[in-house]
Amino acid sequence: MYIAAALSICSAVVLATWASETCHSEAGCCPRGWEPWGGSCYLIIKSGNWDDAWSACLAMGGVMAAPRSQEENNFVADKAHGMTGIHWLWVACTNTRGTWRCGGQDMGGFVNWRPGQPSGGVREQHCAALTSWAYDNYGKWHGVRCNNMYRRTAAACVRRPSQPRQFCLFTGRDGRPVESRCLHGHVVREYPLASATVGLCGRACYNDPRCFSFNIKKYHNGETICQLNNATSSDDPVKFQDSGSACTYFEI
Ligand SMILES: *[C@@H]1O[C@H](CO)[C@@H](O)[C@H](O)[C@H]1NC(C)=O
């Protein structure tokens, strides 16, 4: 009796991450170049005026940071301090007609004004920037003109990390991966992989709306291919069969 499908159960979950992301924990992954800190991802960019910095952060999938604690304030100040030629770091707080708002919200939380600040005028819009070069008033916020093209200015963009993806790996009764069984006849796309990277094939599957499972097939000559399937093994148990070569099957 052919009960191959029943012998395989999804009993293991593979945490796979994209090659372009840094995952420091199961809590999340930061895109390449972004640094994880305090549960978020940070990227320090060199910027011109405040509006340029604000737009640049949005364009990169984040928002300009307005530090919410002394620790976060010091973290971004230290990052900017480490950049050659940077003296200021924009903070996402602006003053419109005398009222300061951070990220569009009334201020109510952490602020780190230098004594005597903010001094931003009522007639002209001012923006907050923290000092990142001098130890005197280091990290303190100042109200400065938003439209000045401060060549020595940076901004901290912050974004939430993405969750690591999990794929279901099928194992036999002994708990070991079934390394020869894949789903046949439902391949909608296939392409070679430089290495047997589960994450890259899984990402392709996530990005293709037709994909419900994928096979990673390894030929004797070492070639590895990623096959995206438009069905799962339970949709078509008969086609969930041994392959002539090493093959590992995953569901998303
Ligand atoms: C799935 O893909 C196969 C080709 O591999 C095709 O024959 C079949 O019609 C597709 N099924 C659906 C539901 O799209």
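The model is a predicted one, in which local features need pLDDT of at least 70 and side-chain atom pairs count only at pLDDT 80 or more, while totals for chains, interfaces and linings use all residues. Residue numbers start from 1 along each chain as its sequence is written.

The protein chain has 4 helices and 19 strands; helices (H or I, at least four residues) and strands (E, at least two) are DSSP runs, numbered from the N terminus. Of its 252 residues, 33% count as buried. A residue is buried if 20 or more other C-beta atoms lie within 10 Å of its own, exposed if 12 or fewer, and partly exposed in between, with C-beta atoms placed from the backbone. Two residues are in contact if their C-beta atoms, placed in that way, lie within 7 Å. Among contacts between residues at least 6 apart in sequence, 70% join residues at least 24 apart.

Strand β5 (residues 40-47) runs antiparallel to β12 and is joined to it over 7 bridges. Within this pairing, Cys-41 has Arg-159 as its bridge partner, and Tyr-42 stands opposite Val-158. Strand β6 (residues 63-64) also pairs with β12 in the antiparallel sense, over 2 bridges; here Val-63 is the bridge partner of Val-158. Strand β7 (residues 88-96), by contrast, runs parallel to β12 and is joined to it by 3 bridges, with Trp-90 partnered by Ala-155.

Strand β5 has a further partner. Strand β4 (residues 35-37) runs antiparallel to β5, and 3 bridges join the two. Glu-35 stands opposite Tyr-42 in this pairing. The two strands form a hairpin with 2 residues between them, and Gly-38 in the turn has a positive phi of about 55 degrees.

Leaving aside neighbours within four places in sequence, Ala-156 is in contact with Tyr-42, Ile-44, Ala-65, Val-76, Lys-79 and Leu-89. Of these, Leu-89 is 67 residues away along the chain, yet the two C-alpha atoms are separated by 7.3 Å.

The next topic is the nonpolar cores. In soluble globular proteins, nonpolar side chains tend to be buried together. A nonpolar core is here a set of buried Ala, Val, Leu, Ile, Met, Phe, Trp, Tyr and Cys residues joined through C-beta atoms within 7 Å. The largest one has 37 residues, of which Met-64, Leu-89, Trp-90, Val-91, Ala-129, Ala-155 and Ala-156 touch the most other members. Elements giving two or more residues to this core include β3 (28-31), α2 (50-59), α3 (70-81), β10 (126-131) and β11 (141-145). The largest share, 6 residues, comes from β7. A second, separate core of 17 residues includes Phe-167, Cys-211, Ile-216 and Tyr-249.

Just after the helix, Gly-61 takes a positive phi of about 85 degrees.

Asn-49 lies in the loop between β5 and α2. It counts as partly exposed, because it has 16 C-beta neighbours inside 10 Å.

Finally, the residues around the ligand are Gly-185, His-186, Val-187, Val-188 and Asn-230; a residue is near a molecule if its C-beta atom, placed from the backbone, lies within 6 Å of it. This shell divides into 2 nonpolar, 3 polar and no charged residues. In that division Ala, Val, Leu, Ile, Met, Phe, Trp, Tyr, Cys and Pro count as nonpolar, Asp, Glu, Lys and Arg as charged, and the others, Gly among them, as polar.

Technical notes. Two strands pair if DSSP finds at least two bridges between them.
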